Amino acid sequence: MRPSPLLMTTPPRVERLHIGPGRRIVAISDIHGNLAYLKGLLDRCALTDRDVLILVGDLVEKGPESLATLRYVMELTKEREVHTVCGNCDFWQNFCDLPDDPGQDAFYLKYLVGRNKGWGDGLIAQMLREAGVEIAPDMDLAAAKQTVRERFQPELDFLRALPHIIETEDYTFVHGGLAPGKSAFAHMKLDAYRDVARPHDKWTVVGHWPLVLYHEDITDARPIVDRDLRLISIDGGCVLKDDGQLNAFFLPDMTWTSYDDFPLARVRTAQRADPRHYYIRHGDNDVRILSQEGDFCRVRHLRTGYEMDIPVKDIRTRDGDRATVNDVTDYRLPLAAGDVISVTAETSRGYMCKKDGISGWYDGEIDWL
Ligand SMILES: [Mn+2]
């Protein structure tokens with residue numbers, strides 16, 4: 001999201017919490033409007049009244065139900081102890097709060113008409129539709145802002161109040177990462193924080209960067225606990241990745257659970273992982289298409305020269321034999337007969353599946369559960 005000049009220059013707002021001993025903290029990040037996943041994950045967490053739920057930013061955008069997710073979190077916050085950190089997809093109060101500015105207005109119009117770059121209607125679009133305001137290139141943006149301001153005051157107030165950092169006695173929660181001396185926005189939109197972070201005094205929990213992107217050779221969405229940095233990274237790629245999951249991390253136990261809704265199946269035969277495998281991923285996904293056969297094509301990853309077969313459906317953009325691709329891997333999951341997998345895609349050459357947070361291929365027969 002386009003940051004306002006204010007977010008680029010003001011320091012982060014810090015909320016200090018006294019949690020007290022003996023209580024469980026449940027941290028969840030990057031829900032991105034996927035209310036079904038949030039509900040599924042919360043069921044799995046079996047929250048008690050003693051638990052403290054901390055949402056580490058990016059409640060909304062890109063997923064299907066931004067407005068409903070926001071309202072659900074607001075209700076939950078009334079019912080139990082819930083604290084939410086602002087993520088780089090969450091400060092939509094700016095739509096109404098900022099003084100009129102042609103640059104900002106052009107951005108908002110593009111976001112509304114372009115359905116958030118194709119992700120689908122975001123929070124403001126869903127608010128406008130609920131209010132019966134038509135979204136069109138020639139819409140009256142000033143009137144739309146006034147409608148949102150009047151009709152969605154509780155939602156906007158909730159967003160306005162979000163801190164950028166939550167500090168407890170023992171932990172820090174921040175969406176992107178800590179950027180001392182820098183702006184609020186710098187703390188939210190801090191990509192690949194683990195690669196640049198310095199060791200923290202307190203254990204620090206972050207979301208924002210899908211965990212899979214930290215791995216070069218394998219698609220692994222499990223939380224990373226980095227004991228040297230005292231850093232816990234938890235974004236399971238919910239909504240953003242085709243095989244994404246929503247993770248919940250439990251403190252002080254340092255355990256976790258996750259939720260996704262892919263169908264389960266039992267594998268009939270064992271298979272081994274190939275020692276050689278690779279994961280082509282977002283940000284490093286330029287390939288040359290070498291050949292095509294049916295619904296698969298062979299590609300060469302430009303940076304590494306690694307070659308693999310990928311489903312044609314995973315080609316994102318194409319210009320001659322040059323292309324960019326969705327996240328793809330040729331990793332085959334090591335499996336024993338009878339193992340249960342979740343199936344994330346079916347192709348002519350087998351199943352793309354996931355087990356314990358790691359994605360890969362299975363080319364044998366399955367029994368659906
Ligand atoms: Mn995010």
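This is a predicted model: local features need pLDDT of at least 70, side-chain atom pairs count only at pLDDT 80 or more; totals for chains, interfaces and linings use all residues.
View 1. Domain 1 is made of two stretches, 5–91 and 162–259, while domain 2 runs 264–368. Zoom in on the contact and you'll find 15 residues from domain 1 and 16 residues from domain 2. On the domain 1 side, the residues touching domain 2 split into seven charged, four polar and four nonpolar.

**View 2. A five-stranded open sheet.** Reading across, the strand order is β4-β3-β2-β11-β12, and the pairing is mixed. The edges belong to β4 (82–84) and β12 (255–259); each has a single partner strand, so one side of each has no neighbour in the sheet. From one strand to the next, the twist averages 20°.

**View 3. The β3–β4 end of the sheet.** Here β3 (residues 52–55) runs parallel to β4, and the two pair over three bridges. To get your bearings, look for Ile54, which stands opposite His83 in β4.

**View 4. Helix α2 packed on the sheet.** Helix α2 covers residues 35–45 and touches β2 (25–28), β11 (246–251) and β12. Its direction makes about 140° with that of β12. Just past the helix, Ala46 takes a positive phi of about 45°.

**View 5. The buried face of α2.** Which residues of α2 are buried? They are Leu35, Tyr37, Leu38 and Leu41. Why do they end up on the same side of α2? They cover an arc of only 155° around the axis, and that puts them on one side of the helix. As for what covers these buried residues, the list includes α3 (66–79) along with β2, β11 and β12.

**View 6. Ala179 in its loop.** Ala179 is found in the loop between β6 (171–174) and α9 (184–188). Is Ala179 buried or exposed? It's buried, because 20 other C-beta atoms lie within 10 Å, and 20 or more is what a buried residue needs. Leaving out residues up to four places away in sequence, Ala179 touches Ala186, His187 and Leu190. Ala197 is another handy landmark: Ala179 and Ala197 are 18 residues apart in sequence, with 8.8 Å between their C-alpha atoms.

Note on methods: Residues are numbered from 1 along each chain as its sequence is written. Two strands pair if DSSP finds at least two bridges between them. Helices (H or I, at least four residues) and strands (E, at least two) are DSSP runs, numbered from the N terminus. Axes are lines fitted to C-alpha atoms, for helices over the stretch in contact, and angles run from 0 to 180 degrees between N-to-C directions. Two residues are in contact if their C-beta atoms, placed from the backbone, lie within 7 Å. Domain bounds come from an automatic or database domain assignment. Ala, Val, Leu, Ile, Met, Phe, Trp, Tyr, Cys and Pro count as nonpolar, Asp, Glu, Lys and Arg as charged, and the others, Gly among them, as polar. A residue is buried if 20 or more other C-beta atoms lie within 10 Å of its own, exposed if 12 or fewer, and partly exposed in between; C-beta atoms are placed from the backbone. The arc is that of the directions from the helix axis to the C-beta atoms.
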